[in-house]
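Biologist: Could you take me through this structure? I have not worked with it before.
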Amino acid sequence: MQTTPQDDLQYLRRMAEQGEQQPIHGGEFGILWGSLYFLASLFAYATLSGLLPFSNSTVLIAFLLPVPIGVAGQYLLLKQFNRKSGAFSFGNRASSAAWTTVGFSTFVIFLCILAGKAFNLISLDEAVIWGVLQVIIFSMYSVAYGTTAQISGDKRQYAYAAIGLAMVMATIFTIGQLEIFLVLAAGVFFGAVVPGILSLRTA
């Protein structure tokens, strides 16, 4: 059966309306990953500033440890998520795709940086490298929230996108300083944990 451009536009409109009629789920994933890296960021700042009596090498472990914990937790949460009403609405599918891309892109960039430093392929100062990574992560936060806002009609998502941009600017001005870890902690808390809690309350 052949369709006309008008049919296609009507279909896309119905899909968009469907997305606006369903609340955005997935707040539990933001709480999970946000909490893990909130704690890792505070640990890094406390360790490097001398507030905790641990060696600097434990900071890398603190940022690697959340990966297996988060993956295991996400696997369990995903089973519950798929049973939620409206979980497969257009808005939720778009949000899921956006955040999956953010997570996968962050993981790939992180691995490339580790490999580059291990094989001496990257000559930039480590503080600059991790600062740029943090800028990229919060930029992707903003894009993911902005995309979700456009599709779902949830205006709060624009506020979360603005938080991501604010964290980008704060990161740029703290590159090379220990305060960059406090920016990271604030970013994942207000940009992932808090939106996650509000999402669960709305749903």
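Biologist: Is tyrosine 145 buried or exposed?
Modeller: In this predicted model, tyrosine 145 is buried, with a relative accessible area of 7%.

Biologist: And what about tyrosine 141, buried or exposed?
Modeller: Tyrosine 141 counts as buried, at 12% relative accessibility.

Biologist: Where are tyrosine 141 and tyrosine 145 in relation to each other?
Modeller: Both belong to helix α6 (residues 126–152), where they are 4 residues apart and thus separated by about one helical turn.

Biologist: Which aromatic cluster includes Tyr141 and Tyr145?
Modeller: One cluster is formed by Trp99, Phe138, Tyr141, Tyr145 and Tyr160.

Biologist: How many aromatic pairs are there?
Modeller: The count comes to 12 aromatic pairs.

Biologist: Turning to α3, which of its residues are buried?
Modeller: In helix α3 (residues 57–64), the buried residues are Val59, Ala62 and Phe63. They cover an arc of only 90° around the axis, which places them on the same side of α3.

Biologist: What covers those buried residues of α3?
Modeller: The cover includes α2 (27–48), α4 (66–81) and α8 (179–202).

Biologist: Which exposed residues are on the face turned away?
Modeller: That face of α3 carries Ser57 and Ile61.

Terms used: Residues are numbered from 1 along each chain as its sequence is written. This is a predicted model: local features need pLDDT of at least 70, side-chain atom pairs count only at pLDDT 80 or more; totals for chains, interfaces and linings use all residues. Side-chain values use heavy atoms; hydrogens and water are left out. Buried means under 20% relative accessible area, exposed over 50%, partly exposed in between (1.4 Å probe, protein chains only). Helices (H or I, at least four residues) and strands (E, at least two) are DSSP runs, numbered from the N terminus. The arc is that of the directions from the helix axis to the C-beta atoms. Contact means heavy atoms within 4.5 Å. Rings of Phe, Tyr and Trp (its six-membered ring) pair if their centres lie within 6.5 Å; planes under 30 degrees apart count as stacked, over 60 as edge-to-face and the rest as tilted.
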